[in-house]
Amino acid sequence: DVIQPLSDLGGGTVALFIGYVGFAQFAVLNVLTGVFCQNAIDSAQHDQDLVTQSILQQKQLYMERLVTVFKKLDTDESGSVTMAELEEHLYDESIQAYFNSLEL
């Protein structure tokens, strides 16, 4: 229906109109694809930030557990663990459980 009046003007006008409609569709699809890709990139960056934050939290938890183990090993509360203190608690089930939880 739309092309009928244009066909009265000639075949070149019809070809120009079809080319214009095709170009407009291509431009709109290109913009939509760009928006979709940008959203995907932003989402991936946000996920990477969450992974980084999770790793830092796990590291902090690991350090806290390790401090707990060494405080428990330091029976004389000198601030350092001697070889004798380590050997004394090496077979303690709770210390072994701490080491297992830390995958040591």
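In helix H2, the buried residues include Val 14, Val 69 and Leu 73. Please bear in mind that the model is predicted. H2 itself runs from residue 11 to residue 73, a total of 63 residues. From its first C-alpha to its last, H2 reaches 93 Å, close to the 93 Å expected at 1.5 Å a residue.

Which residues does Glu 85 contact, leaving aside its neighbours within four places in sequence? They are Leu 73, Asp 74, Thr 75, Asp 76 and Ser 80. Leu 73, one of these partners, is also among the buried residues of H2. Glu 85 is buried as well, yet has no salt bridge. Its nearest side chain of opposite charge belongs to Lys 71, at a distance of 14 Å.

Between H2 and H3 there is a loop, and Glu 77 lies in it. The phi of Glu 77 is near 55°, a positive value in a residue other than glycine. Is Glu 77 buried or exposed? Glu 77 is exposed, and its relative accessible area is 71%.

Finally, I come to the surface. Val 2, Ile 3 and Ile 18 make a nonpolar surface patch of about 260 Å². Of these, Val 2 belongs to the segment before helix H1, which covers residues 3–7. Val 2 is exposed, with 56% relative accessible area.

Technical notes: Residues are numbered from 1 along each chain as its sequence is written. This is a predicted model: local features need pLDDT of at least 70, side-chain atom pairs count only at pLDDT 80 or more; totals for chains, interfaces and linings use all residues. Side-chain values use heavy atoms; hydrogens and water are left out. Buried means under 20% relative accessible area, exposed over 50%, partly exposed in between (1.4 Å probe, protein chains only). Lys and Arg count as positive and Asp and Glu as negative; His and the chain ends are not counted. A salt bridge is a side-chain nitrogen of Lys or Arg within 4 Å of a carboxyl oxygen of Asp or Glu. Contact means heavy atoms within 4.5 Å. Patches are made of residues with over 30% relative accessible area and no salt bridge: like charges are joined within 9 Å, nonpolar side chains (Val, Leu, Ile, Met, Phe, Trp, Tyr) within 5 Å. Accessible areas come from the Shrake-Rupley method with a 1.4 Å probe; for residues, only the protein chains shown count as cover. Helices (H or I, at least four residues) and strands (E, at least two) are DSSP runs, numbered from the N terminus. The expected span of a helix is 1.5 Å times one less than its number of residues.
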